[in-house]
Amino acid sequence: MFKIAKYFFLATLWAALYPTCAFATSSPTIMVSIKPFYNICARVMQSVGTPKLLLTKNASPHDYQLKPSDAKLIDSSDLIIWGGPELEGYLQKPISSLANRNLDLATVPGLTLLPIRASNNWESHDHTHDHNHDHSHAHMVNDPHFWLDPDNAIIIATAIANRLAEIDPEHAQIYKANATEFSKEINKDKSLWKKQLATYKNKPYIVSHDAYQYFNKYFALDGVGAISLHPEIPPSVQRIQQIQALLIAEQVSCIFSEPQFNYKIIDSLIAGTKVHKGQLDPLGQDKDIGPQGYFVLMQNLVQNFVTCNKS
């Protein structure tokens, strides 16, 4: 709780120091698609300007549809930062002609990318849903939730700083210095997160959809399955039966919902069992934290994981 309070204090201080984002010199207009990337970008831009967030209010990149106001924001932005077509297919066409104005973070050199998990426990072979549903993830190769690896977050911050330095050389040193400080804080905090989670490495858990492979692998946790690969599609009867069997076979400790896709079926799944219900938010959409937001996101994931397993 102290760590989260610290981050909120720093965020509040940042807002107080720069209430209108009116700086001595103008800063570029940066549009960032989702909250985790926004928070990292806000940290890199700290004391220069503030990026603009596209998806708000628990909107999910898995099923988002652009509004006319979004198109205006895209057109007016000097740089568009997004997670690539495997995560955000809705952006692929609108920015296809803006190659010199977009940064696809999934293509950043050095990033650790994990393949989509192929086991039936992760529902990647469950084709019983409505094939007429138009979703953009049918041909995913890599898991697009790569920001939940803290080392990837460092690489993302560096890539953003380098790209911002190209389009705004006047503030290049600030961007790069902020990315360096972000890296130092990540390296300090990830040791604490590993320590907090170490007790629960052997606690099997299930998630709403497979957004946590990077988190799971980085912290050596025991994720055993997901209700759905495509969270925008309700699980089939067959899938529900598979999850019920998995709860028993794996002696699952916790099953986690998400604020973006809070399946009501979870209560039915755990009725009459000793399985606990928790909530994980891979996007950190609960509050607009700004430069400290990535740390709040990760600390909340750690804290909520621990709380559920201690129940």
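Predicted model: local features only at pLDDT ≥ 70, side-chain atom pairs only at ≥ 80, totals over all residues.
1. The protein has nine helices and eight strands. Of its 311 residues, 56% count as buried. Taking the contacts with a separation of 6 or more, 70% of them are between residues 24 or more positions apart.

2. Let's take the sheet that begins with S2. Four strands, in the order S2-S1-S3-S4, form an open sheet with parallel pairing. Strand S2 (52-53) and strand S4 (102-104) each have a single partner strand, so one side of each is left without a neighbour in the sheet. Strand S3, residues 79-82, pairs with S4 in the parallel sense through three bridges. If you want a spot to look at, find Trp 82, which stands opposite Asp 104 in S4.

3. Now for the sheet that begins with S6. Here too four strands form an open sheet with parallel pairing, and the order is S6-S5-S7-S8. The edges are taken by strand S6 (223-228) and strand S8 (276-279); each has a single partner strand, so one side of each lacks a neighbour in the sheet. From one strand to the next, the twist averages 25 degrees.

4. On one flank, three bridges join S7 to strand S5 (residues 205-209), and the two run parallel. Within that pairing, Tyr 205 has Cys 254 as its bridge partner, and Ile 206 has Ile 255. S7 also pairs with S8 in the parallel sense, over four bridges. In S8, Lys 277 is the bridge partner of Ile 255. Ile 255 therefore has a bridge partner in S8, and that partner strand S8 stands at an edge of the sheet. Is S7 covered on one face or on both? Both faces are covered: Cys 254 and Phe 256 on one side, and Ile 255 and Ser 257 on the other, are all buried.

5. Helix H7, residues 237-249, lies across S5 and S6 and runs at about 160 degrees to S6. H9 lies across S5, S7 and S8, running at about 140 degrees to S7. H9 is also mostly covered, with 14 of its 18 residues buried.

6. How many disulfides does the structure hold? There is one, formed by Cys 254 and Cys 308 with their sulfur atoms 2.2 Å apart. The link is left-handed, with -120 degrees about the S-S bond. Cys 254 lies in strand S7 and Cys 308 in helix H9, so the pair ties together parts that are 54 residues apart in sequence. As a reminder, a disulfide is a covalent bond between the sulfur atoms of two cysteines.

7. Cys 254 has a relative accessible area of 0%, so it is buried. Cys 308 has 3%, so it is buried as well. Cys 41, at 0%, is another buried cysteine.

8. In soluble globular proteins, nonpolar side chains tend to be buried together. The largest nonpolar core here has 73 residues, and Ile 160 and Phe 215 touch the most other members. H9 gives this core its largest share, nine residues. Leaving out residues up to four places away in sequence, Ile 160 touches Phe 37, Ile 40, Cys 41, Val 44, Ile 81, Leu 103 and Leu 105. A second, separate core has 14 residues, among them Ile 240, Ile 243, Leu 269 and Ile 270.

Definitions and conventions. Residues numbered from 1 in each chain as written. Heavy atoms only, no water. Pairing = 2+ DSSP bridges. Buried < 20%, exposed > 50% of the residue type's maximum accessible area, 1.4 Å probe, protein only. Axes fitted to C-alpha atoms, helices over the stretch in contact; angles between N-to-C directions. Contact = heavy atoms within 4.5 Å. Disulfide = S-S within 2.5 Å. Core = buried A, V, L, I, M, F, W, Y, C linked by side-chain atoms within 4.5 Å.
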